[in-house]
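Here's a quick tour for anyone opening this entry for the first time.

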Amino acid sequence: MVAIKVNEGNPNVAMLGIGAYRPTRVVSNAEVCETLDSSDEWIYERSGIRNRRYISGDETAKSMAITAAERAIENSGVPREKIGAILLATLSWKTKIPHGAPQIAFELGINGIPAFDIASGCGGFGYGLGIATDMVRAGSAEYVVVIGVETLSVVLDPTDRNTAFIFGDGAGAVVVGPSEVNGISPTVWGSDGENAEAIGQSYDIIEYMDRAEEFQSRDPQTDPVERMVVTMQGSRVFRWAAITLPKALSSTLELSGVSAEDIEVFVPHQANARINELMRKNLGLPDDLPMANDIENTGNTSAASIPLAMEEMLATGKAKGGQTALLLGFGAGLSYAGQVVTLPPAPKITSF
């Protein structure tokens, strides 16, 4: 039998740098309610959201992803030529063919490296982080950039009380690579296809991503247009989350070898402030333990949610590099992914 060579990997892996991009346009609950039959009070009480960001002008999913990745690389101090792979988590990239990651690698000046998209909804960043970590451990790449990006403002029905006020746009990225001490636990992940239709879409994405501002500003009463929009059965998702997520969090802690008492920061997916508070209580985390609340002014940015929330906490001093954090992404699929991580250093170049 011929001996086939095995890659030499790195057992200890960590997030070495983080970067993000937030669109310049801030959309308040009051602006959403110009079209949606609702109120600022109702939206905030139901979701914890006061504002969200929408792309405008020249901003696109590609431009946001590139900027977030560039900032993460710069903040990590890793030479760009050492980046061995790009993983792009997104559910709102405007095309499936071509997929986005190779285009981003080209724009970053590192064309030719492996680059692929991950379509795991709101859990996409967690999936990407898990894959990147395993790639570095296995020796498939020395450094990997994981990006989460969404332009969900383009695929919203502004009259849908289930979705119109929830989602926003943005991008976040991290550089994953070898470390002296391990900083990323094994990933706890799973899915529930039986409830997959709880979050879905009405039509396939076609040309709509090129007409973002048109669709954001149209009056659906006088200017109806057939297009793909996100759909969600909120009560069904909430019930699934209440049953599934406590188990996922317990399994994440158990697999990481870390106890709840060791957690210094909690960064759940920014889907709903009520769900996040419920998870905190179920875990028995102290009321004064820092917990991400980026949803209040950024909304739910799906695959970009967790890196945006981490960047916000690090940039504002709510969390510090080196602290032990519990991450959990969950949503469309329905799927989830959780890790215990050491937070990367506070970014020198921020999205604020």
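Predicted model: local features only at pLDDT ≥ 70, side-chain atom pairs only at ≥ 80, totals over all residues.

**Around S335**
- You'll find S335 in strand β13, which covers residues 335-342.
- A polar atom of the S335 side chain sits 3.4 Å from the backbone oxygen of S120.
- Setting aside neighbours within four places in sequence, S335 touches S120, Y127, G190, S191, W240, G329 and F330.

**Helix α4**
- Helix α4 runs over residues 100-107, and its buried residues are G100, A101, I104 and A105.
- Those four span an arc of only 135 degrees around the axis, so they end up on the same side of α4.
- What do the buried residues of α4 pack against? They pack against α3 (61-76), β4 (83-89), β5 (115-118) and β6 (143-151).
- Just past the end of α4, G109 has a positive phi of about 85 degrees.

**A stretch from the record**
- UniProt, in an unreviewed entry, lists residues 116-193 as "domain: Beta-ketoacyl-[acyl-carrier-protein] synthase III N-terminal".
- In the model, that span of residues 116-193 is 19% helix and 33% strand, and its end C-alpha atoms are 23 Å apart.

**Salt bridges**
- How many salt bridges does a search of the whole structure find? It turns up six.
- One of them links the side chains of E31 and R25, at 2.6 Å from N to O. E31 is partly exposed at 28% relative accessible area, and R25 is partly exposed too, at 25%.
- Another pairs E277 with R280, whose closest N and O atoms are 3.3 Å apart. Both residues belong to helix α8 (residues 273-283) and lie three residues apart, about one turn of the helix. An α-helix has 3.6 residues a turn, so residues three or four places apart point the same way.
- K318 is partly exposed at 47%, whereas E312 counts as buried at 9% relative accessibility.
- Salt bridges with shared partners also tie R22, D294 and E311 into one network.

Key
Residues numbered from 1 in each chain as written. Heavy atoms only, no water. Buried < 20%, exposed > 50% of the residue type's maximum accessible area, 1.4 Å probe, protein only. Helix = DSSP H or I, 4+ residues; strand = E, 2+ residues; numbered from the N terminus. Arc of directions from axis to C-beta. Contact = heavy atoms within 4.5 Å. Polar contact = N/O pair within 3.5 Å; in protein donor to acceptor, adjacent residues only side chain to side chain. UniProt positions renumbered as here; feature names shortened; annotations may be inferred. Salt bridge = Lys/Arg side-chain N within 4 Å of Asp/Glu carboxyl O.
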